[in-house]
Amino acid sequence: MGQVCNPLNGQCESQPVMLMFQDGVSGYDATVDTFIHAGSPTANNAAATVLICDGAPPAADERHVLLRFDNIFGNNIDQIPPGSTIQSATLTVMITNASASGAALYRMTQAWLDTNNWNTFGGNGIQPGTECEAAADVSSFLNATGSHTIDVTASLVSWSSGQPKNGSVL
């Protein structure tokens with residue numbers, strides 16, 4: 001919350017503040033992303049510019065996308081102060097090849113690097129209740145091409161309250 005003060009009477013009130021984090025915009029450059037692939041279990045996809053989330057378990061073509069926005073919480077003017085009340089948060093993604101079954105977004109409970117691969121996570125990718133939360137924050141989306149806005153308020157509320165900021169997995 002920001003403060004808006006009336007110069008005539010000196011009274012101040014809190015006002016919501018909107019922040020946007022997009023890699024390469026307004027000096028923000030701390031997005032970390034990759035994908036892991038059952039069919040290439042030792043591949044390092046850190047430099048991939050297209051992230052692929054596809055395949056049904058336990059198929060050899062199963063892929064998981066890992067996404068994290070580092071340094072969004074802190075005490076600088078362009079960060080969310082820890083403990084802030086998060087009223088709403090969204091993530092916008094562009095889908096170029098839709099999946100009939102869609103996807104789900106889970107909060108990661110395990111720390112990860114963009115150089116990690118399928119085998120890093122026990123040879124079976126990322127499993128709900130093990131490397132990520134057991135329940136998805138968002139389910140059944142990404143089943144059509146185009147730009148999609150995903151409500152990630154629950155994730156940011158958790159991180160603002162002090163939970164580990166390990167990002168998300170699709």
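This is a predicted model: local features need pLDDT of at least 70, side-chain atom pairs count only at pLDDT 80 or more; totals for chains, interfaces and linings use all residues.
The largest nonpolar core holds 21 residues, and Ile72, Phe73, Ile80, Val152 and Leu156 are the ones that touch the most other members. Two or more residues of this core come from each of strand S4 (63–69), strand S5 (90–95) and helix H1 (153–160). The largest contribution is that of S5, which supplies 3 residues. Contacts of valine 152, when residues up to four places away in sequence are left out, are made with Ala89, Thr90, Leu91 and Leu105.

Serine 26 is not a glycine, yet its phi is positive, at about 55 degrees. Serine 26 is placed in the loop that lies between strand S2 (12–15) and strand S3 (31–37). The relative accessible area of serine 26 is 73%, so this residue is classed as exposed, the cut-off for that class being over 50%.

Asparagine 71 is likewise a residue other than glycine with a positive phi, here near 60 degrees. The loop between S4 and S5 contains asparagine 71. With a relative accessible area of 55%, asparagine 71 is exposed.

Technical notes: Residues are numbered from 1 along each chain as its sequence is written. Side-chain values use heavy atoms; hydrogens and water are left out. A nonpolar core is a set of buried Ala, Val, Leu, Ile, Met, Phe, Trp, Tyr and Cys residues joined through side-chain atoms within 4.5 Å. Buried means under 20% relative accessible area, exposed over 50%, partly exposed in between (1.4 Å probe, protein chains only). Helices (H or I, at least four residues) and strands (E, at least two) are DSSP runs, numbered from the N terminus. Contact means heavy atoms within 4.5 Å.
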